[in-house]
Amino acid sequence: MQLPTEAATPETSRLPESGFGLIIINTLADNLEYKRSNSTNHLSFIITKVPAPTPH
């Protein structure tokens with residue numbers, strides 16, 4: 001078996017509507033802020049890194 005040398009590029013025209021990233025960010029973010037200023041969108045968020053559990 002031989003591994004591919006390049007990553008496959010998805011066919012973006014077949015993907016559903018965008019916006020799924022916002023659902024992921026909203027789920028993971030501790031703080032989320034959206035502003036619109038001078039016809040520009042500004043999104044800022046904080047995700048706190050949680051340490052991995054220690055094996056017992």
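Mentor: Gladly! Let's start with exposure: buried means under 20% relative accessible area, exposed over 50%, and partly exposed in between (1.4 Å probe, protein chains only). Note that this is a predicted model, where local features need pLDDT of at least 70, side-chain atom pairs count only at pLDDT 80 or more, and totals for chains, interfaces and linings use all residues. Residues are numbered from 1 along each chain as its sequence is written, and side-chain values use heavy atoms, leaving out hydrogens and water.

Trainee: Why does lysine 35 count as partly exposed?

Mentor: Its relative accessibility is 49%, so lysine 35 falls between the 20% and 50% limits. Glutamate 33, at 36%, is partly exposed too.

Trainee: What makes the contact of glutamate 33 and lysine 35 a salt bridge?

Mentor: The term asks for a side-chain nitrogen of Lys or Arg within 4 Å of a carboxyl oxygen of Asp or Glu. Here the N to O distance is 3.3 Å, so the pair qualifies. A search of the whole structure finds one salt bridge.

Trainee: How do you know that β1 and β2 pair?

Mentor: Strands are DSSP runs of E with at least two residues, helices runs of H or I with at least four, numbered from the N terminus. Two strands pair if DSSP finds at least two bridges between them. β1 and β2 have seven, in the antiparallel sense, so they pair. One of the bridge partners is asparagine 41 in β2, which faces arginine 36. In their hairpin, with two residues between the strands, asparagine 38 takes a positive phi near 50°.
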